[in-house]
Amino acid sequence: MNQQPATARTVLPDISSRAWEHPADRTALTALRRLKGFDQILKLLSGMLRERQHRLLYLASSARVGPRQFADLEALLDDCVQVLDAQVRPEMFVIQSPTVNAYTIGMDEPFIVITSGMYDLMSHDEMRFVVGHELGHALSGHAVYRTMLMHLIRLASSFGFIPLGGWALRAIVAALLEWQRKSELSGDRAGLLCGQDIDAAIRVELKLAGGSRLDKLDSQAFLAQAQEYDRTGDMRDGLLKLLNLELQTHPFSVLRAAELTKWVDTGGYGAIMTGDYPLRSDDDKAGWSEDFGAAARHYKDGFDQSNDPLIRGIRDGLGGVVDGIGQAATSVVDSMGRRIAGWRSGGGPHHENGTAD
């Protein structure tokens, strides 16, 4: 990673994470919490995961970022903490892996992990976006649910009382994956606020999609792919898009670049940079109704404006199917929650000594 001269960036005092959180991200979390079985599963996992053991694993197997190790990343984290006026400064580790990735995990004290593959691929300014993205996850409280998702399938495969193919588990995993994909859009916004360089942000997405050869890539052609993706094909292709996305933890890079560009073009980024943003000191006064309304508008606009053939067919021919599916998912998750609550109180399988990888 080549370090570039420092550039003064606008500091955003007392900024609330609500400023960068995608409305669908916040609302998806709210919807998850409203599922009666979800809180039981979260409590179960919280009791079984050994957070300190998990952190010690990275302490023993990777390099902890600090003044004497990856000092450039240490400086980037300091800059991002300053710009977002963060009250929490998570630890950061660099782990040897050819996989290009970065993630924030932990349920009590989240920490950031950067793979060597990511570090080697990105320039200094591009890495600022990546670090800001992960800091945004930490400040938004995403790490709790990301950690939960990481361990849920392992838990299910270890204990027979939650069948891996069961509809209840599938409903929860699907809901968590949908939320995580939206949370990545929030992280991208936080990364842009930290770096304040839209070109660097788009270059990150270019590299995640096409590798390091930026001389072979073009940002406008890349963004045009998102428009083509939206309108291409027939209803069969629309279904294939859904299947491709089903088990993805991240939105596709082309679509992430398009979403971030849209946030800039529609004035969301500019408003924050001029000081028009929600304050952290007002968080306790914020209600969920605005988040639900914003998310509803987001999905409605996307549904109404989509050129995807499958969406067009659904839009033209179907009505209340989504509500019915949602009620069914709530029912199975509620049933699963009651079963777990019964098991935890001694009515069935009970495991106190579970471990997490």
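Two strands pair if DSSP finds at least two bridges between them; helices (H or I, at least four residues) and strands (E, at least two) are DSSP runs, numbered from the N terminus. The model shown is predicted, so local features need pLDDT of at least 70 and side-chain atom pairs count only at pLDDT 80 or more, while totals for chains, interfaces and linings use all residues. Residues are numbered from 1 along each chain as its sequence is written, and side-chain values use heavy atoms, with hydrogens and water left out.

**View 1. An open sheet is formed by four strands.** The strand order is β1-β2-β4-β3, and the pairing is mixed. β1 (63-64) and β3 (102-105) are the edge strands, each pairing on one side only. Helix α6 (residues 124-140) packs on the sheet and touches β2, β3 and β4; contact means heavy atoms within 4.5 Å. The direction of α6 makes about 20° with that of β3, where axes are lines fitted to C-alpha atoms, for helices over the stretch in contact, and angles run from 0 to 180 degrees between N-to-C directions.

**View 2. Strand β2 pairs with β4 and with β1.** Strands of a sheet pair through backbone hydrogen bonds, either parallel or antiparallel. β2 (residues 91-95) and β4 (residues 111-115) run parallel and are joined by five bridges. Glu-91 stands opposite Phe-111 in β4, and Phe-93 has Val-113 of β4 as its bridge partner. β1 and β2 are antiparallel, with two bridges; here Arg-64 has Phe-93 as its bridge partner in β2. Because four of its five residues are buried, β2 is largely enclosed by the rest of the structure. Buried means under 20% relative accessible area, exposed over 50%, and partly exposed in between (1.4 Å probe, protein chains only).

View 3. Cys-80 is buried, with a relative accessible area of 1%, and Cys-194 is buried, with a relative accessible area of 1%.

**View 4. Helix α9 comprises residues 198-210.** At 1.5 Å a residue, its 13 residues should span 18 Å, which agrees with end C-alpha atoms 18 Å apart; the expected span is 1.5 Å times one less than the number of residues. The buried residues of α9 include Ala-200, Ile-202 and Leu-206. Gly-211, whose phi is positive, near 90°, follows the helix.
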